[in-house]
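Biologist: Can you take me through this one? I would like to start with the charged residues and then move on.

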Amino acid sequence: MPQTTEHQYFGGAKIALLCGDKLLTYQRDDNANIPWPGCWDLPGGGREGDETPLQCVQRETQEEFGLQIDAQQVSCQQYYDGILAGYPPTWFMLGEITPEEIAAIRFGDEGQRWQMMCIDTFIHHPQGISHLQQRLAWHLRR
């Protein structure tokens, strides 16, 4: 999806990386000083410098999981307004990963653990991040 001037300002990007009926997730650190402590999250994070949304997701996925995500693996990119007043807009993406990429994961130092979670489990998980659960569910229904 090409960026327009209205989309040049954003705070970060997340990606739902799917392999069959499973989704790459990780449990955030249980630290009161971070947003959504202990919750199940998706790869991605805050923008650095002049990164594009795709570059942001690629860097974060490399840092968090040791995975190189190619642009061709990303099937959807969607811009969203900030989740609360005063929050910057963000991007949500869908992509595919292979069993070989899953086997090559090298979990970084952010988060407690990672898991290939059933998509439906993530969408309904009581410790999931609600706006990411809603976005994923909406995109999969389309």
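This is a predicted model: local features need pLDDT of at least 70, side-chain atom pairs count only at pLDDT 80 or more; totals for chains, interfaces and linings use all residues.

Biologist: Are D41 and R28 buried or exposed?

Modeller: Both D41 and R28 are buried.

Biologist: Which residue forms a salt bridge with E48?

Modeller: That is R59, and the closest N and O atoms are 3.3 Å apart. E48 lies in the loop between strand 4 (44–46) and helix 1 (53–65), while R59 is in helix 1, 11 residues apart. R59 is buried because its relative accessible area is 16%, under the 20% cut-off. E48, at 44%, is partly exposed.

Biologist: And what about E63 and R59?

Modeller: E63 also forms a salt bridge with R59, with 3.3 Å between the closest N and O atoms. The two are four residues apart in helix 1, so about one helical turn separates them. E63 is partly exposed, with a relative accessible area of 42%.

Biologist: Which residues are linked in the network of salt bridges?

Modeller: The network links E48, E51, R59, E60 and E63.

Biologist: New topic. Which residues gather in the patch of negative charge on the surface?

Modeller: D29, D30, D109 and E110 do. D29 lies in the loop between strand 2 (22–27) and strand 3 (40–41), and counts as partly exposed because its relative accessibility is 31%.

Biologist: Where is G38, and is G38 buried or exposed?

Modeller: G38 is in the loop between strand 2 and strand 3. With a relative accessible area of 5%, G38 is buried. The C-alpha atoms of G38 and I129 are 9.9 Å apart, although 91 residues separate the two along the chain.

Biologist: Which residues form the nonpolar patch?

Modeller: W36, I83, L84 and Y87, with about 380 Å² of accessible area together. Y87 is in the loop between strand 5 (74–80) and strand 6 (90–96), and is partly exposed at 45%.

Biologist: Last one: what does UniProt list for residues 8–141?

Modeller: An unreviewed UniProt entry lists "domain: Nudix hydrolase" there. Over residues 8–141 the chain is 27% helix and 29% strand, with the end C-alpha atoms 28 Å apart.

How values were computed: Residues are numbered from 1 along each chain as its sequence is written. Side-chain values use heavy atoms; hydrogens and water are left out. Patches are made of residues with over 30% relative accessible area and no salt bridge: like charges are joined within 9 Å, nonpolar side chains (Val, Leu, Ile, Met, Phe, Trp, Tyr) within 5 Å. Accessible areas come from the Shrake-Rupley method with a 1.4 Å probe; for residues, only the protein chains shown count as cover. A salt bridge is a side-chain nitrogen of Lys or Arg within 4 Å of a carboxyl oxygen of Asp or Glu. Lys and Arg count as positive and Asp and Glu as negative; His and the chain ends are not counted. The place of a charge is taken as NZ of Lys, CZ of Arg, CG of Asp or CD of Glu. Buried means under 20% relative accessible area, exposed over 50%, partly exposed in between (1.4 Å probe, protein chains only). UniProt positions are given in the numbering used here, feature names are shortened, and annotations may be inferred rather than shown by experiment.
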